[in-house]
Amino acid sequence: MIKRWRVAALAGLFGLTGFLILGSGCFTVGRNFVATPVKQIEKGVTTKDDVRKAFGEPFRTGLDDGYESWSYVYNQWTAMTQTRSKDLYIVFNKDETVRTYTYNSNIGE
């Protein structure tokens, strides 16, 4: 049987370790991408191949009202700084050109 003081000591140790990891590290979702090509996206003109060349493979794919959609995501959290994030969401027409897109960011580029 483990004595209570050992359990308390272990809980304190893991709590302190967790605090140190969170306090000194960061947590990232997605992959950072260059946003400059967003300005060159044209509805009905820019193709899937153009998007792939500019941004790489999407973080997530899906359907939006029956149209294929791609998402590019970058979110980074740290204990000491403001969350950094940017996302690009693109919906394609059936002919594989851009139907619509949105871009949001709080990162100066």
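**Strand pairing and a buried threonine**

In this predicted model, strand 3 and strand 4 (residues 84–92) run antiparallel and are joined by eight bridges. Strand 3 also pairs with strand 1 and with strand 2. Away from these pairings, T46 sits in a loop and is buried.

**Strand 3 with strand 4**
- A hairpin of five residues links strand 3 to strand 4.
- Across this pair, N75 faces S85 in strand 4.

**Strand 3 with strand 1**
- Strand 1 covers residues 26–30, and strand 3 covers residues 67–78.
- The two run antiparallel, with five bridges between them.
- F27 lies opposite W77 in strand 3.

**Strand 3 with strand 2**
- Strand 2 (residues 60–64) is antiparallel to strand 3, and five bridges connect the two.
- L63 is placed opposite E68 of strand 3.
- The hairpin between strand 2 and strand 3 has two residues between the strands.
- In that hairpin, D65 adopts a positive phi near 55°.

- T46 belongs to the loop that runs between strand 1 and helix 2 (48–55).
- T46 counts as buried because its relative accessible area is 9%, and the cut-off is under 20%.
- The T46 side chain comes to 2.8 Å from the backbone nitrogen of E42.
- Setting aside neighbours within four places in sequence, T46 contacts Q40, I41 and V51, as well as E96, T97 and V98.

Key: Residues are numbered from 1 along each chain as its sequence is written. This is a predicted model: local features need pLDDT of at least 70, side-chain atom pairs count only at pLDDT 80 or more; totals for chains, interfaces and linings use all residues. Side-chain values use heavy atoms; hydrogens and water are left out. Two strands pair if DSSP finds at least two bridges between them. Helices (H or I, at least four residues) and strands (E, at least two) are DSSP runs, numbered from the N terminus. Buried means under 20% relative accessible area, exposed over 50%, partly exposed in between (1.4 Å probe, protein chains only). A polar contact is a pair of N or O atoms within 3.5 Å; within protein, one must be able to donate a hydrogen and the other to accept it, and residues adjacent in sequence count only if both atoms are side-chain atoms. Contact means heavy atoms within 4.5 Å.
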